[in-house]
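Biologist: Please take me through the packing in this model, with a close look at one crossing to begin with. Keep it brisk, and give me the cut-offs as you go.

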Amino acid sequence: MSTAPAKTAAELDAADPLAAYPSKFVKHDGVASYLDGNSLGRPLTSTPERLRAFVEGAWGERLIRSWDESWMDEPTRVGDQLGRVCLGAAAGQTIVADSTSVMLYKALRAALDADVERNEIVLDRDNFPTDRFIVEGIAAERGAKLVWLEPDSSLGVSEDQVRGAVGAGTAVVLLSHVAYRSGFIADGPGITAAVHEAGALMLWDLCHSVGSVPLALDEWGADLAVGCTYKYLNGGPGSPAFGYVSRALQGRVRQPIWGWMGAADPFGMTASYAPAESVRQFISGTPPILGMQPLKHMLELVEAAGMDAIRAKSELLTARAVELIERDLVPLGVEVASPLDPAVRGSHVTINHPRFREVTALLWERGVIPDFRPPHGLRIGLSPLSTTFAELDAGIEAIRVAIGEVGEVGDTISAQL
């Protein structure tokens, strides 16, 4: 029988080295527990005023002059900041532009076209729909062959599975570093090495790891990576995605959406397209400068806190979540669908129960906000800089109560029938 946790939430919050950070995020009295930071991060309290200053200054006062004075370099300047703070990437390899879907399309097409002798894309069936749909579209467009991996949905893709799937025909392997469903952390360096040994390129989706799990793309030898900025990087709904292209690969690939901002001479108004020789070639149209501003603010906060400290807090939060789930929810029929080993678990915990669709709807009405993932998964997303242990405890208790209430309603209906 599970026992009470050794420490209370109040004690854990008091001992938290990052205890000063939750107050830097906008909170609302109507939200009792926010457990969905892995889908959309809270805004920073400083963002409204900084956006106002941007609108009144760089945009309102400087107007078009800001393109010459700053904005032309914003995609690569913010990209370099993101690379340094979160990705383990040296300067000149990361840009901020477009959506995750568009960046995935660009990176996949560039990788597939890099070697005409290779025509296979390796991916897993449990990956996020965007990844699978983009790959299926490119396969139909280019006549490529898809090689599907079938991982355990409560874990994720292993290095051995990848080694068994890649070969002489493999052009590119696309995997999520942290699985969106289970939270499993893939072996970045091991899998990348296995892909390279087969002569293929490795493309990482970092949406569920960037800002919560330390990354080392340069050290891994990664070729390409993409990710969003509205989860643990708190850029806001629809904030622009990022793309990483290793310096060694930049001269070998060409992205498929040729736009004026990615040209060697954007203002030359040339008769034909010539790509920039740098990572800038992966920019297409005019980048979303306004949308980058909240991301810049958050990156400053992440750098001040440090990714190692953020990861340590994440592990403590998810460990406590699992402890409370096993004590309070497993006896009610809940199953943990995430790795129990914190070393291979990202910053969210997924649990399963046949009534979680109804439970989630009830929780949202009460200001407790996890998210539901069909067929019967509830994800508890814990954003280390904004989530307190008290908030987590309150959320788990609310889930326990809601399961009981939904069960009672079901029992009443069954009895009436």
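Modeller: Start where helix 5 passes helix 6: the crossing is right-handed. Helices here are DSSP runs of H or I with at least four residues, strands are E runs of at least two, and both are numbered from the N terminus.

This is a predicted model, so local features need pLDDT of at least 70, side-chain atom pairs count only at pLDDT 80 or more, and totals for chains, interfaces and linings use all residues. Residues are numbered from 1 along each chain as its sequence is written, and side-chain values use heavy atoms, without hydrogens and water.

Back to the pair. Helix 5 spans residues 100-113 and helix 6 spans residues 129-142; their axes come within 10 Å and cross at roughly 45°. That angle makes helix 5 oblique to helix 6. Angles under 35 degrees count as roughly parallel, over 145 as roughly antiparallel, 65 to 115 as roughly perpendicular, and the rest as oblique. Axes are lines fitted to C-alpha atoms, for helices over the stretch in contact, with angles from 0 to 180 degrees between N-to-C directions.

Who touches whom? Helix 5 brings S101, L104, Y105, L108, R109, L112 and D113. Helix 6 answers with T130, D131, I134, V135, I138, E141 and R142. Contact means heavy atoms within 4.5 Å. The contact of helix 5 with helix 6 has seven nonpolar, five charged and two polar residues. Nonpolar covers Ala, Val, Leu, Ile, Met, Phe, Trp, Tyr, Cys and Pro; charged covers Asp, Glu, Lys and Arg; the others, Gly among them, are polar.

Now helix 10 (residues 289-305). Helix 2 (residues 47-59) packs against helix 10 at about 135°, axes 10 Å apart. So helix 2 is oblique to helix 10. This crossing is right-handed too. T47, R50, L51, F54 and W59 of helix 2 meet I289, L290, Q293, P294, H297 and E300 of helix 10. By class, that contact has six nonpolar, three polar and two charged residues.

Helix 4 (residues 74-87) also packs on helix 10, at about 25° with the axes 10 Å apart. That makes helix 4 roughly parallel to helix 10. Helix 4 passes helix 10 in a left-handed crossing. On the helix 4 side, the contact residues include P75, V78, L82 and V85; on the helix 10 side, they include I289, M292, Q293 and L299. Its residues divide into ten nonpolar, two polar and five charged.

Next, a sheet. Four strands form an open, antiparallel sheet in the order 9-10-13-12. Strand 10 (residues 348-352) and strand 13 (residues 377-381) are joined by five bridges; two strands pair if DSSP finds at least two. H348 stands opposite G381. Helix 11 (residues 307-329) lies across strands 9, 10 and 13, at about 20° to strand 10.

Last, confidence. The protein chain averages a pLDDT (the predictor's confidence in each residue, from 0 to 100) of 95, and 97% of the residues score at least 70. Where pLDDT is low, predicted coordinates should not be read in detail.

Terms used
Left-handed = near helix turned anticlockwise from the far one by under 90°.
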